[in-house]
Amino acid sequence: MSITYEFYLDVFWVTNLILDGAVLTLTALLGKERISLVRIPLSAAFGATASACLFLGLSSYGGYQFILHFFVNPAMLLIAFSWKTVRSFLVRFLESYVISALLGGLMSWLWPMGAGEGFWLWAAAGIFLVTLILMGLRLRQGRQQLYEILLVIDGQRLSCKGFLDTGNLLWDPLLHRPVHIIQKELLPMEIQQGQGIHYIPYQSLGNENGILSVAVLEGMYIRKHAGGTQYIEKPVCGLAEKAIFSGKPYQMILHGTTME
């Protein structure tokens with residue numbers, strides 16, 4: 001006896017879009033990545049479209065699974081979070097699969113309820129619970145991205161708060177070192193006036209050809225959340241105006257790879 005299945009392309013695409021978007025969002029929260037309102041939906045749409053095309057175009061289900069897991073899913077991560085390091089990519093890759101497995105289990109548990117009258121009540125409760133969890137993770141993420149910083153400058157010690165920004169990947173092409181951004185008014189007057197600084201090019205939104213003045217400090221201690229400190233010898237710091245940090249609970253933006 002043969003069994004016939006009806007395939008609805010629109011349902012398949014929308015379902016994959018929602019699931020891929022949920023996996024990428026939870027992966028970003030777990031990995032303290034910046035959640036982009038453009039890159040994550042774009043990545044989810046790419047994944048859903050590629051999955052639909054492969055499902056329709058390939059006769060081998062094994063081939064479909066192979067391409068999906070080893071080509072499409074890694075490409076989705078690159079679109080959503082861009083390339084940083086091999087380690088960070090592998091960590092995000094494993095995190096996304098763990099989250100995907102957990103969501104798959106949740107769907108398998110909820111699916112039988114679809115035939116009952118209480119399904120939508122369960123679905124609404126589930127959405128509400130997930131929203132609360134995401135809000136809690138977001139608040140926790142914001143707190144965990146702030147660090148106590150102790151700068152050593154010509155034997156003097158200066159304390160401030162630093163924000164770990166995974167989007168800050170600025171690199172000094174002369175010294176081949178990562179660049180942190182600091183409120184220049186915190187530094188000694190001689191540095192503010194240009195002593196011992198050099199200049200590097202940078203690009204940002206609204207400024208494609210900017211020039212940033214940077215200084216090499218003596219040292220920097222970062223207090224870790226789990227206890228202990230991390231010491232960075234001769235950190236390279238870009239000097240930024242006070243207005244950039246206006247209303248912010250920090251005076252320094254750490255490089256995205258600082259805690260890796």
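**Ground rules.** Helices (H or I, at least four residues) and strands (E, at least two) are DSSP runs, numbered from the N terminus. A helix's expected span is 1.5 Å times one less than its number of residues. I'm working on a predicted model, where local features need pLDDT of at least 70, side-chain atom pairs count only at pLDDT 80 or more, and totals for chains, interfaces and linings use all residues. Residues are numbered from 1 along each chain as its sequence is written, and side-chain values use heavy atoms, with hydrogens and water left out.

Entry 1: I started with H1, residues 9–30. Its 22 residues reach 31 Å from first C-alpha to last, close to the expected 32 Å. Next came H2, residues 39–57: its 19 residues should span 27 Å, and the end C-alpha atoms are 26 Å apart, which agrees.

Then I checked burial (buried is under 20% relative accessible area, exposed over 50%, partly exposed in between, with a 1.4 Å probe and protein chains only). The buried residues of H1 include Phe 12, Asn 16, Val 23, Thr 27 and Ala 28. In H2, I noted Ile 40, Ser 43, Gly 47 and Leu 54 among the buried ones. What covers the buried residues of H2? H1 and H3 are among the elements that do.

**Entry 2: Ser 96.** I found Ser 96 in helix H4. Ser 96 counts as buried, at 7% relative accessibility. I looked up its contacts (heavy atoms within 4.5 Å). Leaving out residues up to four places away in sequence, Ser 96 touches Val 23, Thr 27 and Leu 77. Val 23 and Thr 27 are on my buried list for H1 too. Ser 96 and Ala 28 are 68 residues apart in sequence, but 9.1 Å apart in space, C-alpha to C-alpha.

**Entry 3: the cavity.** Rolling a probe the size of a water molecule over the atoms shows where empty space is left. Here a cavity is a set of points on a 1 Å grid over the protein atoms alone where a 1.4 Å probe fits but cannot get out, and lining residues have an atom within 4 Å of a point. Volume is the space filled by probe spheres set on the points, which are joined across faces, edges and corners.

How many cavities of 30 Å³ or more are there in the whole structure? The search finds 1. The largest cavity has a volume of about 80 Å³. Its lining includes Glu 33, Leu 77, Phe 81, Trp 83 and Arg 92. Helices H3 (61–81) and H4 (86–110) each supply at least two lining residues.

**Entry 4: salt bridges.** Side chains of opposite charge can pair when their charged atoms come close. I counted a salt bridge when a side-chain nitrogen of Lys or Arg is within 4 Å of a carboxyl oxygen of Asp or Glu. That rule gives 3.

- Glu 95 pairs with Arg 92, closest N and O atoms 3.3 Å apart. They sit 3 residues apart in H4, so about one helical turn separates them.
- Glu 148 meets Lys 161 at 2.4 Å, N to O. Glu 148 is in strand S1 (146–153) and Lys 161 in strand S2 (156–164), so the pair ties together parts 13 residues apart in sequence.
- Lys 184 pairs with Glu 241, closest N and O atoms 3.2 Å apart. Each lies in a loop, and the pair ties together parts 57 residues apart in sequence. Lys 184 is partly exposed at 21%, and Glu 241 is partly exposed at 43%.

How values were computed. 1 Å grid on protein atoms, 1.4 Å probe; cavity = no way out; pocket = protein on both sides within 12 Å on 5 of 7 lines; lining within 4 Å.
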